[in-house]
Amino acid sequence: GVYLYQNRLLPQEEVHISPEDRGYYFGDGIYEVFRVYNGRLYEADAHMRRLQKSAADVRIELPSEPEQLLHQLVELVAANRLTEGTVYLQITRGEASRSHPFPKAAAPVLMAFTNVLPRPLAAVQSGISIVSMDDIRWLRCDLKTLNLLPNVLAKQHALDRGAGDVVMHRGGTVTECSASNIMIVMGGRIVTHPANNLILHGITRAVVLRLANELEIAAEERPFTLSELMEADEVFITGTTAEITPVIAVDGATIGGGTSGPVTRKLQQAFERSIE
Ligand code: PDD
């Protein structure tokens, strides 16, 4: 496929990432995953704003202006003739011999590629089961950095137990899943963890809260506990790749009736309309 490498569209064979890239040594970089529906980048501006925030907070300077970068991503999608899939974009602090301080001379290294990925229709319909796990991550989970080892371990923990994902918690307070946010429905109201430093501020999470508002479904951003999760009427996860996926069991206990509930379905229908 065609890659975006620094400022240019190139075949993958012509992308040469150095073994001295700090992304490789230190996970010293940031990333975004965009969804492409019908050949168009979904919620592109929101992803670009989050990228700018991640970059600023880890002190990496974006190699090009956000408008120009977005334009290049549109060209990348077109060059790969992508209709349904994702765009992965990462920017590292650059290449330098391995030493912790920021390198003086290094320039950021930007790389992006596309992936064909059909919509997760089976999971969206039937739901997934999840297992709970301690959230062992650092205290800046709002930054989309390359340091995903805890997320990788968490996902494998779930798969090893026959579950689709984990739900992470800090001392019983539910935060999020390995690559998605989580919401519960109690008495017709949506509850989800506040967008602070303990979770990624998901673009899909924001879309769902906006849709809930339009549908006049009450939503509360407040911490909730594992026991509230277990007793919820409905549970679903939100993410660029997960969309709105119902959760039908937590730690082996069935949620609601073991199928997706009415609030989840309403939001799923509104989401379908938003991607057209
Ligand atoms: N993950 N929480 C975490 C830890 C995530 O990694 C993600 C996204 C989300 C959902 O955010 P959004 O709705 O903006 O996709 C929540 C991406 C898809 C990934 O790492 O592959």
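How many bridges join strand E3 to strand E5, and in which sense do the two strands run? Eight bridges join strand E3 (residues 29-37) to strand E5 (residues 85-92), and the two run antiparallel.

## Basis of the description

This is a predicted model, in which local features need pLDDT of at least 70 and side-chain atom pairs count only at pLDDT 80 or more, while totals for chains, interfaces and linings use all residues. Residues are numbered from 1 along each chain as its sequence is written. Helices (H or I, at least four residues) and strands (E, at least two) are DSSP runs, numbered from the N terminus.

## The six-stranded sheet

E3 and E5 belong to an open sheet of six strands with the order E2-E1-E6-E5-E3-E4 and antiparallel pairing. Two strands pair if DSSP finds at least two bridges between them. At the edges stand strand E2 (8-11) and strand E4 (40-42); each has a single partner strand, so one side of each is left without a neighbour in the sheet. On average, neighbouring strands of this sheet are turned by 30° against each other, direction ignored.

Helix H2 (residues 44-58) lies across E3, E4 and E5 and runs at about 175° to E3. Helix H3 (residues 66-79) lies across strand E1 (2-5), E2, E3, E4, E5 and E6, at about 165° to E1. For these angles, axes are lines fitted to C-alpha atoms, for helices over the stretch in contact, and angles run from 0 to 180 degrees between N-to-C directions.

Strand E10 (residues 181-186) pairs with strand E11 (residues 189-192) in the antiparallel sense over four bridges. One of the bridge partners is arginine 189 in E11, which faces methionine 186 in this pairing. The hairpin of E10 and E11 has two residues between the strands, and glycine 187 takes a positive phi near 55° there.

E11 also pairs with strand E12 (residues 219-221), here in the parallel sense and over three bridges. Isoleucine 190 has alanine 219 in E12 as its bridge partner. E11, H6 and E12 make a right-handed β-α-β unit; a crossover is right-handed if, with the strands pointing away from the viewer, the path from the first strand over the helix to the second runs clockwise.

## Surroundings of the ligand

Of the 15 residues around the ligand, Leu200, Gly202, Ile203, Thr204 and Thr240 come nearest; a residue is near if its C-beta atom, placed from the backbone, lies within 6 Å. Helix H6 (203-214) and strand E13 (234-239) are the elements that give two or more residues to this shell. The largest share, three residues, comes from H6.

By class, the shell has four nonpolar, nine polar and two charged residues. Ala, Val, Leu, Ile, Met, Phe, Trp, Tyr, Cys and Pro count as nonpolar, Asp, Glu, Lys and Arg as charged, and the others, Gly among them, as polar.

## Proline 120

Proline 120 is found in the loop between strand E6 (109-116) and helix H4 (121-126). Proline 120 counts as partly exposed because it has 15 C-beta neighbours inside 10 Å; a residue is buried with 20 or more other C-beta atoms within 10 Å of its own, exposed with 12 or fewer, and partly exposed in between, with C-beta atoms placed from the backbone.

Not counting residues up to four places away in sequence, proline 120 touches Thr241, Ala242, Glu243 and Thr245, where contact means C-beta atoms, placed from the backbone, within 7 Å. The C-alpha atoms of proline 120 and isoleucine 244 are separated by 9.3 Å, although the two residues are 124 apart along the chain.

Definitions and conventions:
Two residues are in contact if their C-beta atoms, placed from the backbone, lie within 7 Å.
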